[in-house]
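Here's a quick briefing to read alongside the picture. Keep the structure open and follow along as we go.

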Amino acid sequence: MAENSFDIAVVGGGPGGYVAAIRASQLGFKTCVVEREHLGGICLNWGCIPTKALLHTAQINHLLHSLDQFGFKADNVSFDVAKVVKHSRDTANKLSQGVTHLLKKNKVTVIDGHANLAGQGKLAVEKDGKHVQDVQAKHIILAPGARARQLPHVEADGESVWTYKDAMVPKQMPKKILVIGSGAIGMEFASFYHDMGVDVTVAEVVDRILPAEDREISDFARKTFEKKGIKIHTEANVEKVDKGKNGATATIRTKDGKTQQLAVDKVVLSVGIVANTENLGLDGTKVQVEKSHIKTDQWMRTGEPGVYAIGDATGAPWLAHKASHEGVICVEKIAGLNDAHPLDYKKIPACTYCSPQVASVGLSEQAAKDAGHKVKVGRFPYRGNGKALAMGEDNGMVKTVFDETTGELLGAHLIGAEVTELIQGYSIAQTLETTETDLMHTVFPHPTLSEMMHESVLDAYGRAIHF
Amino acid sequence: MPVNILMPALSPTMTEGNLAKWHVKPGDTVSSGDIVAEIETDKATMEVEAVDEGTVGKLLVEEGTEGVPVNQAIAILLEEGESAADLDKTPAPPAGDGADGGGAQPAAESGGGGSAGGASGAGGSSAPQSAASAPGTHASLENAPPAPPAPKDASGKRVFASPLARRMAKQAGIDLAGLNGSGPHGRIVRSDVEQAIERGTPAQQPAAQPAGQPQAQPQQPAAQKQPAPAQGVDAKASAEQLGMAYEEVPLNNMRKTIAKRLSESKQTVPHFYLSVDIEMDEVFRVRKELNDRAQARGEDYKLSVNDFIIRACALALKTVPQANAAYNGSSALFFEHADVSVAVAIEGGLITPVIKKAETKGLATISKEMKDLAKRARDGKLKPEEYQGGTFSLSNLGMFGITNFQAIINPPQACILAVGKSEQRPVVKDDALSVATMMSCTLSVDHRVVDGAIGANFLSELRKLLEDPMSMLL
């Protein structure tokens, strides 16, 4: 096989692309990844990982201001923004190097540049606008990812209007910010800046924050954030943003139809993402793009033979672990493995790392009812759990939704400390198709937060012990 | 140390049996090989022989107890020098293999009516037996917590299914053992059960399903339940309601097996039927000749018409091996030998002893074997291996004057031949009316493995052989 000829070529080195490449190489395919910027993609470099580093520092700040509760005393607590950001960037860089090493170890060829489809089984790679090489591949997997969506009337400039990327590397702490959009990204930045002492306002178009979550969790989160001091406007439209010298003034039309002016240092745009489907050479191929996403079948095949697509470019949920799984499924199907199974999109957990954390998997109570299920719902509050009280974290809830007839665990919705680490227990339960009986028979260790997962299931059947 | 006598597994598929009769009582001395009890299984009554010698210390299961799990202790045997005082040293019975809840029954002492727990008969699978123990033996029996039995397939292997799939199958009345799993390592998952419900529901009552009517809800495909008492009208409730006089007789194991196997067959196996009329004058002539000859020589056989049909079936199956088949889910099995199951009516039901490798046996051998099998079938003395594992079935109701009928396939076999009475009928031969001895046969065929042309081929071969019986003497 010629040097530039591969069994599988992956376009994009994010969590979908590099995982697909490693799996492909494990299965004996000669594999390459073409990446134009950073291995690890947005997730590692400008998404999941650096924001987690920031949110952890915010949590430390919050803790340092609650020391009295635990019997400590410290005066003149302060932080250095540059160092906080440095911790975040160092973490991202370390992991990106880790991916480079993993690809090397797995004998995946990494090609630096931007790839375009250039005829059947062929990619043209450019660097700085110049064609540098062609790559031949029997199978081409597109994993181009996505980028922040812009609002037509509010343009991010990196100065007074920020995207997530700008918000991740502040040179100094703003005093007052407006976050537009209350999805996972919006609420994580709202939470970070608030816990770092910033005056935060959130504007959301629909009638609740974290609109992808169960309504009860949305309401619980809103109450908690408002109690902490974050101002939230739902059913609110930001009609315009006037950029000034030292900040911006936003005009917000609120629910009651009135408009109000809000002067802030920074506006953070977090109104969703758009897939990077441009400049891939899709024109003239049978690859179909619908509503800015690449259409695939359950094995990630596009309309063009030999061309596949995975990750954010194929649609919601825009999550790294969804992209990775799609990558593995795509490659295993190409290899013809017998136990390749299509991804069940109802069983993908989602985590938001604001404070309190939010995590969920499966159907919300309403979605379950809309799907025709008669449901049994269980709830257990953090204030009934010993470990939570010991941690000083008594605000939160574990909610479970079961099908009344079959006992199938339809969904789980959690809010509170460390729920992002708890949710996978319910993911396993769903994947193994357990019923309430198996969960009731499972021994949860004491004292842990996980006991609430047990109690919530018991509560759905009127059997909760500790509440 | 006292020794437990356990409920034996008399066939590979046996999970429980009824204790029909005790041949010993406490205090009796037994030696190895003595018959201690009779056990009724789904098809036959078998004798249990003592393996060790000693004195019967205690009977743990009362005569007449139904549904005693395999490997449950049924009696305690004292060895030489031991007395009743040693009874509490009895070793714990080994935990049964799944269907067994563990404990022994204090039946001998329970007095009066039915014993508790395990006496619940075939329904026992959902009620693991309590580890009730006879007074004085509890110390050694307490280690057997009841565990829900894992479902098993016909060969006794564990069926792997997710908890959700198990519950959905139970609610829909679907037997998990009949499903193929699409999950990891062949595990049965929710979607497999959903597909089975989808497949099964409309197939159950196609005739009763008016066009345009919505399909029955998945919650109600009771017709798949095995056995299926609840489809449509409950006989007892309706009899009560209408004030009809009746006598209620509990089903014996054979009846239950017939109900279960044949409901399953008729509901899940796509049957089609092929009929043929065969001229039997030659068979009668040759039969008379051979029997006269045997008598003159003092030989001890007397051929029946059925013996000719058995041999003809076996030879036809060798010529058309595609009909000697079984459906196996993702594959079809074609058997090397023609093992012909012959239906024998016995008291309380019917049983199908098998003439193994019938294509290799002559008419005299078949005849003798059949006579012996039929007699022992009627006496309930068949061994499981004598009525299990045929590849083709034959059911002859000619002796009852039936001219023709259609039989239900005996799974997993693919074909069953229903044979009517041989009688003189007017036939047209060479443009003239004449009289011939005719026999009507109907072959029921599982269309999943055997197609119409193959079935027709088989019948054509069968007819050739019977109309020229000398050809099968070779």
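## Two helices side by side

In this predicted model, two helices of chain A meet: Thr51(A), Leu54(A), Leu55(A), Ala58(A), Gln59(A), Asn61(A) and His62(A) sit on the α3(A) side, while Glu188(A), Ser191(A), Phe192(A) and Asp195(A) sit on the α6(A) side. Sort those contact residues by class and you get four nonpolar, five polar and two charged.

**How the pair is arranged**
- Helix α3 of chain A covers residues 48-64, and helix α6 of chain A covers residues 184-195.
- These two helices pack at an angle of about 35°, and their axes are 8 Å apart.
- The crossing of α3(A) and α6(A) is left-handed.

**Chain A as a whole**
- Chain A has 13 helices and 24 strands.
- Of its 467 residues, 47% are buried.
- Take the contacts in chain A between residues at least 6 apart in sequence: 64% of them join residues at least 24 apart.

**Where chain B touches chain A**
- Nine residues of chain B are in contact with ten residues of chain A.
- Helix α3 of chain B (residues 163-172) supplies the largest share of chain B's side, with five residues.
- By class, chain B's side has six nonpolar residues, one polar residue and two charged residues.

**A listed domain in chain B**
- UniProt, in an unreviewed entry, lists residues 160-197 of chain B as "domain: Peripheral subunit-binding (PSBD)".
- Over residues 160-197, chain B is 47% helix and 0% strand.

Key. Residues are numbered from 1 along each chain as its sequence is written. Chains are lettered from A and ligands numbered from 1 in the order in which they are written. This is a predicted model: local features need pLDDT of at least 70, side-chain atom pairs count only at pLDDT 80 or more; totals for chains, interfaces and linings use all residues. UniProt positions are given in the numbering used here, feature names are shortened, and annotations may be inferred rather than shown by experiment. Helices (H or I, at least four residues) and strands (E, at least two) are DSSP runs, numbered from the N terminus. Two residues are in contact if their C-beta atoms, placed from the backbone, lie within 7 Å. Ala, Val, Leu, Ile, Met, Phe, Trp, Tyr, Cys and Pro count as nonpolar, Asp, Glu, Lys and Arg as charged, and the others, Gly among them, as polar. Axes are lines fitted to C-alpha atoms, for helices over the stretch in contact, and angles run from 0 to 180 degrees between N-to-C directions. A crossing is left-handed if the near helix is turned anticlockwise from the far one by less than a right angle, and right-handed if clockwise. A residue is buried if 20 or more other C-beta atoms lie within 10 Å of its own, exposed if 12 or fewer, and partly exposed in between; C-beta atoms are placed from the backbone.
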